[in-house]
Amino acid sequence: MTEQAATSRLGTVSEATVVVAGGGPAGMMLGLMLARAGIDVVVLEKHSDFLRDFRGDTIHPSTLELIEELQLTEKFAKIPYNPVRTTPAGSLEELNIKYPYVAMAPQWDFLDMLADEGRCYPHFHLLMDTEVTDTIREQRRIAGVRYRDRHGQERELRAALTVAADGRHSTLRAASGLPAREYGVPVDVLWFRLSKSESDPQQGIALARVSPGRWIVGIDRRTYWQVAYFVRKGGYAAVQAAGIEAFRQSIRDTAPELVEQAGELKSFDNVSVLDVRVNRAPRWHLPGLLLIGDAAHAMSPLGGVGINLAIQDAVATANILYPALLRAQRTGTPVPEKLLHDVQRRRELPTRVIQSLQRAAQQRLIDPVLRGAEFKVPPLVGVLRRIPQLRRRALRTFALGIRQEHVRTPRVETATEPVLGGQGAPRRNPA
Ligand SMILES: Cc1cc2nc3c(=O)[nH]c(=O)nc-3n(C[C@H](O)[C@H](O)[C@H](O)COP(=O)(O)OP(=O)(O)OC[C@H]3O[C@@H](n4cnc5c(N)ncnc54)[C@H](O)[C@@H]3O)c2cc1C
């Protein structure tokens, strides 16, 4: 047992090779891959569990392939998910790929699976209910983080590399002074649950309803619909001013399947407003610090690809950095900043392309509808439907992304029964 692991069992880690802020898809995947390669890693997550409504549910074919490469297919099969095979342009079955579907899986189950697997490796430490508050700067390097533990104690954790995977409101990005360029987003999302009735369709994102002024998507979470109701940026105040009955009626008018369930919204207390952002940091690193996932580039919900992009960032980070991290762990050699730049260089192109597509869709599809226009199927969809070669290329990009990443890190520790490194996320059954 390493010294760090010993301290982490007391829940007060003070040193590690890598500290990751944020236990979302990017942070958990990176933590698992590094621990599997024998690198001492501590993931700090500010929430006490992964059970939060406002996590997306889409696991794309590229991530399903990674799950297989990490030998997690059997564990993943135990998660209740709906496979979605069709897109507006065509079916993923047309592609010659191993997993021709998007698995709509509750994200907390997916993150629990990564945490459970991580706990099989002695180098993996996950501290829940632990909020990163600042960086430690020493000799022009980021030398770790300050954090508040679950008892409210302020602490420090030193590391050869600090990774900011703390999402679109990244504390570490702000603390490090790395700027992000904001791309205006014309929409916000109102997010609430409605129950599912027996007659509701049973398949994945089965509910997408649009009428002039309204855009509603329902994610099937088996026992209930998680509903995303798009409003124009800052438009929630007007929705509230019109009153809860007007809001319920607008749901009934747009999505007839929800006529009865709309009445379940007793007040706006049942509705959360999610601030949608699209931004990108021009620079993702400083000596000793790397930003990945939404902390480097906040993604819009459109296309449901942000999770997979965050995971691809994590895999590229582990692949590129693990030899230097092993060296840092054994000899104390700092991780060269050039390697951190290599991660940005590899992942920036896919991010730029996908963000451009998301911004175009927001501006050309959703914004006009929210301003009161009729929805029109974009001409590109018609073109894709007519030209099979082009369609397959577009479907492939949607399924596997650009510059698909594969697991290249070794598995140096043999997975055993879960070890007690750090506090685990309490397991809860969400449904
Ligand atoms: C309304 C909405 C719906 C979306 N729906 C989808 C979808 O269906 N499919 C999809 O692919 N993408 C979706 N996205 C985008 C997607 O959520 C993100 O791109 C993706 O979650 C990024 O993963 P991440 O790991 O980088 O960050 P996050 O998922 O945001 O995870 C960051 C983690 O860090 C933790 N954290 C934050 N601050 C701290 C701190 N100071 N200390 C410790 N921990 C901290 C958070 O609790 C969180 O667990 C949606 C986005 C929005 C806004």
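Predicted model: local features only at pLDDT ≥ 70, side-chain atom pairs only at ≥ 80, totals over all residues.

Colleague: Which residues around the ligand come nearest?

Modeller: The ligand has 32 residues around it, and those that come nearest are Glu 45, Arg 55, Thr 58, Asp 294 and Ile 307. By class, this shell comprises eleven nonpolar, twelve polar and nine charged residues.

Colleague: Which polar atoms lie 2.8 Å or 2.9 Å from the ligand?

Modeller: One looks for pairs of N or O atoms within 3.5 Å. Here, a polar side-chain atom of Asp 294 is 2.8 Å from an oxygen atom of the ligand. Ile 307 places a polar backbone atom 2.9 Å from an oxygen atom of the ligand, and a polar backbone atom of Val 132 is 2.9 Å from a nitrogen atom of the ligand. The ligand taken alone exposes 1000 Å², of which the protein buries 93%.

Colleague: Which helices and strand each supply at least two residues of the shell?

Modeller: They are helix H2 (25–36), strand E7 (131–138) and helix H9 (306–331). H9 gives the largest share, three residues.

Colleague: How should I read the residues along a helix?

Modeller: An α-helix has 3.6 residues a turn, so residues three or four places apart point the same way. In this structure, H2 has twelve residues and spans 16 Å from its first C-alpha to its last, close to the expected 16 Å.

Colleague: How many residues of H2 are buried?

Modeller: Twelve of its twelve residues are buried, including Pro 25, Met 29 and Arg 36. Gly 38, with a positive phi near 90°, follows H2.

Methods
Residues numbered from 1 in each chain as written. Heavy atoms only, no water. Near = heavy atom within 4 Å. Polar contact = N/O pair within 3.5 Å; in protein donor to acceptor, adjacent residues only side chain to side chain. Areas by Shrake-Rupley, 256 points an atom, 1.4 Å probe, with all protein chains shown as cover. Helix = DSSP H or I, 4+ residues; strand = E, 2+ residues; numbered from the N terminus. Nonpolar A, V, L, I, M, F, W, Y, C, P; charged D, E, K, R; others polar. Expected span 1.5 Å × (residues − 1). Buried < 20%, exposed > 50% of the residue type's maximum accessible area, 1.4 Å probe, protein only.
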